[in-house]
Amino acid sequence: MNDQSKDKTSRVTLHDVASAAGVSKSTVSRMLDERLPSSQSTRAVRVRQIANDLGYVRDVSAASLRRGKTGMIGVIVPRLTDTVMAMLYESLTRAAVRAGLFTIVAATEDDPDAVRHSADILLRRGADGLILATARTNDVVTRELAEKGVPYVLTLRTDEHSPASVGDDKLGGYLATRYLIDLGHRRIGLISGPDYASSAIGRRQGYLQAMQEAGLEVDDKWIVGSSFSIDAGVDATDKLMSLKNRPTAIFSVNDNTAIGALSKLAELGLRVPDDISLIGYNDVPVVSHLPVPLTSVRVPFDQIASGALELLSMKMTDVEFPVRLATPTLIPRRSTKRWSQD
């Protein structure tokens, strides 16, 4: 079969498969459509084998456009066990219902290959567009989506080239750190999150800006990288508290790591806020009900969700990408207090 020697760098089309199989393009399209019951007829099996041999890859974005609008929006998150992601998805669902749409979610454990696979599956199942909360700085997966013409928007995190609806993380980091400075703290530790997440990067930038404005030097050892998990907060706090010149306050860039910090501080026999103040980020519901209610930076998830859906409905240009910023709010509680010793 001469067509099977086709240059593998060229995209194999439905026409190529149809020519090789001796059937019409519409027949090939129907037999390769995963949404339809899979026929086991000899001809169908032969067509699928020829498509596989030729290296045919279905253009999911073009197929979606041919099918027209389904009203379904695919949402891709790292994990739904993370309260922040669950809150975001609930906000997206409410916003979608108001717009006459519905959402379906895929969790990827923050793995780029799983994000790519989930995006492909959601589009194959008829999603009109995607909302991703999994973006990394210089994200390759989102560039691939853009090249394919897939409608998508980022949320909570952004990259360097995509439309996004996010919180103003730099402002939030600044508000948290400025509050601790105003309470008299001068040695402020930062549990800074992962380097690949723009949300963590922005909050760290806000921390540094507030410290610089106050004329405070930052010991590099006061900044400890982490994931967004509770266990990461435990480990980071252990490192901070082992320092000779340890901080009198900690700003943790999400509530999970702050909860881990609370646990470790209690294990070490340190009282919050008498011995050390602590601030988290996102203001998930549980933090106001902890034995020591946690001061946190509240993120307006409903506003972020509405912004994401609005951006998804817009026609984007290749020249610039819009980013919607939602303003966070500091919520003081009992985990912080004025520091009079130094």
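Me: What share of the residues in the protein is buried?

Reply: A residue is called buried when its relative accessible area is under 20%, exposed when it is over 50%, and partly exposed in between, with a 1.4 Å probe and protein chains only. Of the 342 residues in the protein, 52% are buried. The model is predicted, and therefore local features need pLDDT of at least 70 and side-chain atom pairs count only at pLDDT 80 or more, while totals for chains, interfaces and linings use all residues. Residues are numbered from 1 along each chain as its sequence is written, and side-chain values use heavy atoms, with hydrogens and water left out.

Me: How many helices and strands does the secondary structure hold?

Reply: Helices (H or I, at least four residues) and strands (E, at least two) are DSSP runs, numbered from the N terminus. Here the protein has 12 helices and 12 strands.

Me: Which residues of helix α2 are buried?

Reply: In α2, residues 25-32, the buried positions are T27, V28, M31 and L32. The arc is taken from the directions between the helix axis and the C-beta atoms. Viewed down the axis of α2, the buried residues fall within an arc of 120°, so they line one face of the helix. Their cover includes α1 (14-21) and α3 (42-54).

Me: Which residues does F301 touch, beyond those up to four places away in sequence?

Reply: A contact means heavy atoms within 4.5 Å. F301 belongs to helix α12, residues 301-313, and counts as buried because its relative accessibility is 5%. Beyond residues up to four places away, F301 touches V84, M87, L88, S91, L156 and N282.

Me: What joins the side chains of S252 and T257?

Reply: A polar contact is a pair of N or O atoms within 3.5 Å; within protein, one must be able to donate a hydrogen and the other to accept it, and residues adjacent in sequence count only if both atoms are side-chain atoms. Between the side chains of S252 and T257 there is such a contact, of 2.5 Å. S252 is placed in strand β8, residues 249-252, and is buried, with a relative accessible area of 0%. A second case joins the side chains of D110 and Y196 at 3.1 Å. D110 sits in the loop between β2 (102-107) and α6 (112-124) and, at 8% relative accessibility, is buried.

Me: How many salt bridges does the structure hold?

Reply: A salt bridge is a side-chain nitrogen of Lys or Arg within 4 Å of a carboxyl oxygen of Asp or Glu. The structure holds 16 of them. One of these is formed by D169 and R203, whose closest N and O atoms are 2.9 Å apart. This pair links distant parts of the chain, with D169 in helix α8 (residues 169-182) and R203 in helix α9 (residues 198-213), 34 residues apart. D169 is buried at 9% relative accessibility, and R203 is buried at 6%.

Me: Where do D283 and R333 lie?

Reply: The side chains of D283 and R333 meet in a salt bridge of 2.8 Å, N to O. D283 lies in the loop between β9 (277-282) and β10 (295-298), and R333 in the segment after β12 (329-331), so the pair ties together parts 50 residues apart in sequence. Both D283 and R333 are buried.
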